[in-house]
Amino acid sequence: MIDFGYGLTPSATLRIENVQNPLFEELHRREPDVAKCIACGSCTASCSAGCFTEMSLRRVILSLQRGREKEILPMLQHCMLCGKCQLVCPRGINTRHLILSIGKVYGPADQKEEVRP
Amino acid sequence: MSENVVVIGGGPAGIEASRRLRDLGYTPILIEKEPVLGGHLARWDRLFPDGVEARSVLDPMLQDLDGIKYFTDTTVSSINRLKDTWVVKLSNGLSAQVRAILLSTGFDLFKAEKKEEYGYGIYERVITNAELEDWFKAGAVPQFEGVHTIGFVHCVGSRDEKAGNRQCSKVCCVTAVKQACEFKEKHPEVTVYCFYMDLRMFGRKFEDLYLKAQKEHGVRFVRGRVSEVSEDIDGHLFVKAEDTLFGKPLKIKMDMLVLMCGMTPADGTPELARMVSIPMGEDGFLVPASIVGAPCIAPREGIFFAGTSTGPKTIPETLGEASAAALAIDRYLKTTARR
Ligand SMILES: Cc1cc2nc3c(=O)[nH]c(=O)nc-3n(C[C@H](O)[C@H](O)[C@H](O)COP(=O)(O)OP(=O)(O)OC[C@H]3O[C@@H](n4cnc5c(N)ncnc54)[C@H](O)[C@@H]3O)c2cc1C
Ligand code: SF4
Ligand code: SF4
Ligand code: SF4
């Protein structure tokens, strides 16, 4: 191929119209409250891990909704399950339980529970 | 002799409805538990969106009470159904037998101390929106020395399942922006922040006020809910939130914090609802026969609503509803023959 010195740049636009997101649907089935998040950021602001790491539960939830789990799952390794986020969440989401469920649905295969088709 | 109608709650809704009922030829009996009429309007200094004085709205109403029998410092002791009438007994020993009752008991401000993580009642420099109105009204902000940075915290006790109030209180976003502008007008050197989840500037001219806050006053808007507040040894406040647009947790030192307390159902309303056997909504506010089609009419004969007893409203909305309720009562009394 001739090298013109430039190439096609993949689009940076988030395309969400046809996102198939069976993992998130499974998460939603187990943890219906995940859909209640209003992205207020209280969890992130209070997070014990967030001061030192990138951990942000708000971003985790949003990224999973958008089917972008690859970018975000490593964050969860920093979570200490301390539950501070649960104390401040105005939507009353059981965040610790949610984080554990995320691990079950999205975690490495050997830790993952059987996901229903 | 003109027919009596009992109106319970002497705030903007109750006063306005009483005046309209009087104009329609009835004798309203207006009952107010506090020593003065006016409800929350009597406490506010200036009103959004234009900053008119609250007094300029309330005073003309209070000067036009001829033909209205009103009782302050008075509550309802009992209400009983007798044929097609309601027998209302008052704490002052009087009683009235009427065919129609209007419930205009309004709202209570959310009790800020319930949100312990914001430190109201613990830290001196954490105050409420209503207290700031008191200060504006008194013409001076006490403890003002050394205040360089102040923050407004939106949604205090609203949109908060933990606080037991899921609803949006509707008026506090625009009140915060109004108070932020007023503060900047008085003290331009102070840096003012608003911490919000969504800015609900729904009404006419509200967006203009927001624009003014940004452009003229340089109010700094941070999109993130305050998660907690702490205090240092000198009394400075440390506020934690996430700057959700930037995607980073943030911590900021403040000299003063104003909590935008929302509207909760008035304390005595459930008891009144029980007396006339009507249900309260899950959110604690009164429930009309149809929230869209008949917002002033209760699902019970002869009971009517106006104002914030059925949920958060602005003053113009409250006054409009009060007139509508007076008309609904008039129609009810004219179309149901006395038995
Ligand atoms: C901080 C803040 C600022 C605001 N600023 C503005 C503004 O600038 N512009 C605007 O349009 N709106 C504003 N509002 C909204 C405004 O206050 C309300 O729309 C208005 O007060 C509603 O009137 P109301 O009569 O329904 O209720 P209220 O004002 O609450 O009046 C109810 C009355 O009923 C009495 N009552 C209650 N229970 C009983 C009982 N059991 N027996 C006898 N009496 C009883 C109460 O004592 C009170 O006097 C503001 C609200 C807040 C919270
Ligand atoms: S439980 Fe995890 S996400 Fe929540 S505050 Fe603690 S460390 Fe942060
Ligand atoms: S505190 Fe709750 S509602 Fe707010 S961003 Fe976190 S999970 Fe979502
Ligand atoms: S009006 Fe604004 S501050 Fe008040 S509850 Fe609604 S979103 Fe929160």
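First, some conventions. Residues are numbered from 1 along each chain as its sequence is written, and chains are lettered from A and ligands numbered from 1 in the order in which they are written. Because the model is predicted, local features need pLDDT of at least 70, side-chain atom pairs count only at pLDDT 80 or more, and totals for chains, interfaces and linings use all residues, while side-chain values use heavy atoms, with hydrogens and water left out.

I start with ligand 1. Of the 32 residues around ligand 1, those that come nearest are Glu32(B), His40(B), Phe48(B), Thr308(B) and Ile315(B); a residue counts as near if one of its heavy atoms lies within 4 Å. Which residues make polar contacts with ligand 1? In the side chain of Glu32(B), an N or O atom is 2.6 Å from an oxygen atom of ligand 1. A polar backbone atom of Phe48(B) is 2.8 Å from an oxygen atom of the ligand, and a nitrogen atom of ligand 1 lies 3.2 Å from a backbone N or O atom of Lys33(B). A polar contact here is a pair of N or O atoms within 3.5 Å; within protein, one must be able to donate a hydrogen and the other to accept it, and residues adjacent in sequence count only if both atoms are side-chain atoms.

Taken alone, ligand 1 exposes 1,000 Å², and the protein buries 96% of that (Shrake-Rupley method, 1.4 Å probe; for residues, only the protein chains shown count as cover). In chain B, α1 (12-23), β10 (107-109) and α7 (315-335) each give two or more residues to the shell, and α7(B) gives the most, with three. Helices (H or I, at least four residues) and strands (E, at least two) are DSSP runs, numbered from the N terminus.

Why does ligand 1 lie between two domains? Domain 1 (4-106 + 266-335) and domain 2 (112-263) of chain B both give residues to its shell, so it lies between them. The domain bounds come from an automatic or database domain assignment.

Now Phe107(B), in strand β10 of chain B. Phe107(B) is buried, at a relative accessible area of 11%; buried means under 20%, exposed over 50%, and partly exposed in between (1.4 Å probe, protein chains only). Leaving aside neighbours within four places in sequence, its contacts (heavy atoms within 4.5 Å) include His40(B), Trp44(B) and Thr308(B).

Next, a residue in strand β7 (residues 85-90) of chain B, Thr85(B). Thr85(B) counts as buried at 10% relative accessibility. A polar atom of its side chain lies 2.7 Å from the backbone oxygen of Leu82(B).

On to backbone geometry. Most residues other than glycine have a negative phi, and most peptide bonds are trans. Phe48(B) and Pro49(B) are joined by a cis peptide bond, with omega about 0°. Pro49(B) sits in the loop between β3 (46-47) and β4 (52-53) of chain B. Arg159(B), not a glycine, has a positive phi of about 50°, and at 8% relative accessibility Arg159(B) counts as buried.

Last, chain A. Ala39(A) also has a positive phi, of about 55°. Is Ala39(A) buried or partly exposed? Ala39(A) is partly exposed, with a relative accessible area of 27%. Ala39(A) is one of the residues around ligand 3, and the residues around ligand 2 include Cys47(A), Met55(A) and Ile99(A).
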